[in-house]
Amino acid sequence: HAPDGGFDANDHIRQVEAMLRHDVARADGGDLVKAAARVKARLLFAYHPDDRVVRPEPGLEFAKAAGATIVALPGDCGHAAYACEKTRLADVIRKFLAAGPTAP
């Protein structure tokens, strides 16, 4: 966003370009399962099942393959579920972090 709080179209374009170019499975020939096998950290994946901005299926596939803790945030907010469900999400994150680095 623009420094004055307005909308910066160039910033938005660059963010979209970065998202489109990002491919966590590139080094694995596009195989998300192989890419997930290389992850050593515990993962938390929170998503809205009907997100119409970012399709949740590839992230969900990766999260499952990596053994992530998966949390669906249903409701009417779609892509903004993180904001609409911030109280619930904060609780989920607190519990995830409290479990420590070696929890499954």
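Author: Happy to! Leu 20 is exposed, at a relative accessible area of 72%; exposed means over 50%, buried under 20%, and partly exposed in between, using a 1.4 Å probe and protein chains only. This is a predicted model, where local features need pLDDT of at least 70 and side-chain atom pairs count only at pLDDT 80 or more, while totals for chains, interfaces and linings use all residues. Residues are numbered from 1 along each chain as its sequence is written, and side-chain values use heavy atoms, leaving out hydrogens and water.

Leu 20 sits in helix H1, residues 9–21 (helices, H or I, are DSSP runs of at least four residues, strands, E, of at least two, numbered from the N terminus).

Now to a buried residue. Val 71 lies in strand E2, residues 69–72, and has 8% relative accessibility, so Val 71 counts as buried. Leaving aside residues up to four places away in sequence, Val 71 touches Leu 44, Phe 45, Ala 46, Tyr 47, Arg 88 and Val 92, a contact being heavy atoms within 4.5 Å. From Val 71 to Leu 44 is 27 residues in sequence, yet 7.7 Å in space, C-alpha to C-alpha.

Finally, the cysteines. The whole structure has one disulfide, meaning a pair of cysteine sulfur atoms within 2.5 Å. Cys 77 and Cys 84 are joined in a disulfide, with 1.9 Å from S to S. The torsion about the S-S bond of Cys 77 and Cys 84 is about -90°, so this disulfide is left-handed. Cys 77 is partly exposed at 31% relative accessibility, and Cys 84 is partly exposed at 45%.
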